[in-house]
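Work through the exercises below with the model open. Each task is followed by a solution in steps.

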Amino acid sequence: MIMNKGITLIELLLSIALASVIFMILYGMNRTASRTYMEIRDNWYCMQSIRNAILVIRNDMSNCGYLMPQDIRIAVRKNQLFIAGLPKTSSHSGLKIPSDSPPPCYSIIRILTNKGIELDTIDLDNDNRPDYWADLGLITNSGTAVISHSYKKGAKTLPLARQDSLSQWDRAIPAIHYELKSNGLYRNSQFLAEAITGFDAKLSAQKLSIEIKAGRNDTQKHVSLSYPFE
Amino acid sequence: MTHKNMFLCHTPSNSQGWILVYALVFLTLIQSAALITSSIIRYNYRSANVFNQIIRQSHTLSKSDVGPINTSSRLNQAPQGWDHLYFYTDLIDRTWGRQHTLSWQACLREQPYDRAEDMTFSFNTPYVLVIVDDSIYMDTSYYTHAVDLINNLDLCMVGVATTSKGLIQTYTVNKQLIRSTMESIKPVCPDAALSESLFTGLGTFPKKCAASRHVLITTSGTASDDGNLPEWLKDYDNDGDPNDIHIAGAGSHCLDDVAQYAAEKDIHVHTIGPDTALLKNTADNGNGVFLPYRDAIVPEIDFNCLMRINHGKVFHALKNVNSIFDYGWLAKDNASAFAVDATNPYTLLSLANLDIPGPVSSMYVNGHELLCSSRQGRLLKINLTAKEIVWSIDGLGGDITMGGDLIITGPDTQGRIFCLKQGPAVKWIRKGRFFDSSESKAYIAAGNNLECVDIQSGITCAQFNSPGPISSIRYDPCAGIVYAGTSTGSITALNQDLEIVDIMTAGFKDSIADIHPFTSLKRYYILCITRSEVACISDKGLVWSKSIDHGTPIKAIIMDSQAFITTWEDKAECTGIDAGTSYLIIMNALTGEMENNKTLCSGKAYGPMIDLENMVLEYINWKGTLITYDISSLTGVSPCPLGSRTDNP
């Protein structure tokens, strides 16, 4: 009977060789799948970071300079971006149209010291609510600054964490401050996006251009944003 | 028994069967790999697509193609850098779903209305010398007759002399001055040297520039201690009158002889007095009129002296034809005519006659209503939509403004300022020379005194005594501050209760003629002008001051931190609103730097009428020629963005 016959050596060798080839193919496929998964994960990670940044920047830009002087509504520094406006919080819903004086609303720098500045008012829209608080950015005619974390809301003197050379009698307005640090992008000193490795804003008369780079392991993502002005 | 396999595909476990198994496994693996690869490709494609969509977004505000769903507008105080007196801020909110886009635009509060006081023409200015008999023989009722006539003498230079003192008022167009001079004359002198006064008066006329010369003798007709003239003049008309001599008492008749002499010198002699042969002969010999009327003296000229009215998109020019306001375009069938009662000015008497004598000299537009007054003091209320005269009141003139729904006008020729209900009815009267008003208060200046009057009740709320005679008053509707400029060059800022807020000085030598408050970088400034200088003052003191090289400033407006100053340079020997040149000087209101200098027209430019819709300032000269200046480049003339806001969902 044929069924009672054993396998020959040649058959065995061929079977082993074929099995080896199949195992190698399977291993290669597994490796490729694993690498692809890692790449997809890194891609996703970078994209999520960029997406987060874009969504927040876009929201801030859509409220940019509301009721404020339009000539100083955006300022850029190296790895930093200042967008005029007040972030909406549970205690502050943004500026309101003042009833007694016409907008644009702004403060005037009355006193300038090494420690900070004193403004003529911290209530831009005269609604009895202070419109400056800690970690917010400041845009003035001559430069930008960041309000120190130690600032107590309501105080007329604003300690500054970092500043350009500001001038007395300049206009000043609160701004949302973006800054790229070694571990990611920060907004008003709060962590916004982890994988951001490059943040370069350029301002011209027609538009604001922002280059955002995100990277993780060997994956790099790069986005150019453009906000044309009306 | 042998079992026979009945399957169609026979797969014995021999070498052929194993090959088939291997082949099937291999195919399965390839299929799995293809599926995995395709899923990866599909995932990557989708992911890339989404990412691509994100970065391709325009990031501009997503507005609907069909335009804003809702547009709302609200008025606020004057924009920064714009004149508080004439402008509002119009805030326009356009809504697309949750998104609001705000913009601002300058909006007109009121036009810079002015009063045309000087109405003489270099080519046709009659000079009129009024000789008033101030002797004890004088019947004072003839004074009234003379004053009424003088009030009608538009376009004329008028001087006043008395028989006892000679020339007491030099030639002027200022009717208030002439009236006060006339009122100061008292008939207390024992003698009336009529012919001698006439002979002396003939020498008071200027040698040039007088298109025609007139003497208006107001007398009771009795000459006393008169006739002391050169012998050749005593009976100049050779009428053989025995009284053509000097008579120490009453009775000399030399007046008609001097009149004939005057007529030969091309000087007309008119007489006002009793119906006597002497006075009639005097008028006849003098080529004049006994009891003259306006038309005998006033020239007939067609001219404009007020800016055009912009009523909606329809423009009206208030024109004077034959030196009288041309109201032919207005219906007057339903119009009522009134006159201020001379004995009780709170009473308005009904008149049958609606005739409007004299040229229009001031105006104010309140919505669809035009208020204007003639130079002789007749106030008109005109419905611009219906093009009809609603009412007229004789005896009211001067500047016009509104305080709430009440009309404030003045000063009239007697220096009175009237507040009227729309009805019309007189609400209250004050003496004053300058005034301005808020919605509820009127601020009236007379000499050094400034009075705050509650418009509705007429009650004096507060008073302020200025260190110098007040020469201009301005109420700043944005700051609620009253500015009182003085003839000594200082400006006092007062609150609405007339308490001093600040005293400012620009070191001017001349009187402050006008004041314009404005704001820049939250600081209040005032631009003030005199006859020869312009200055900007803040609460910290003088910011800058400049002399004006090109003529006299006659109007100023602040727009976009620029001072638009209209000047009139009249260096001609014979002055008049047709002579000289008008300029528009544009200066930086904050620094005083000259930015532009444009020649507007020959003669005096009236206006400007601010036309923000067409983005021009419009001037008009006496001929009715329109001159425009483009202001479209000013920030605020077109809507300026104020950013956007997105509401939370």
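**Exercise 1.** Which residues in H2(B) meet which residues in H3(B)?

Solution. The model is predicted: local features need pLDDT of at least 70, side-chain atom pairs count only at pLDDT 80 or more, and totals for chains, interfaces and linings use all residues. Residues are numbered from 1 along each chain as its sequence is written, with chains lettered from A and ligands numbered from 1 in the order in which they are written.

Step 1. List the contacts (C-beta atoms, placed from the backbone, within 7 Å). From H2(B) come Tyr143(B), Ala146(B), Val147(B), Ile150(B) and Asn151(B); they meet Lys175(B), Ile178(B), Arg179(B) and Met182(B) of H3(B).

Step 2. Sort this contact by class: six residues are nonpolar, one is polar and two are charged. Ala, Val, Leu, Ile, Met, Phe, Trp, Tyr, Cys and Pro count as nonpolar, Asp, Glu, Lys and Arg as charged, and the others, Gly among them, as polar.

**Exercise 2.** State how many residues of chain B touch chain A, and where they lie.

Solution. Step 1. In chain B, 31 residues are in contact with 40 residues of chain A.

Step 1. Helix H1 (15-56) and strands E2 (87-96), E3 (99-108) and E45 (640-646) of chain B each supply at least two residues of that side. H1(B) gives the largest share, eleven residues.

Step 2. By class, the side of chain B that touches chain A has 17 nonpolar, twelve polar and two charged residues.

Key. Contact = placed C-beta atoms within 7 Å. Helix = DSSP H or I, 4+ residues; strand = E, 2+ residues; numbered from the N terminus.
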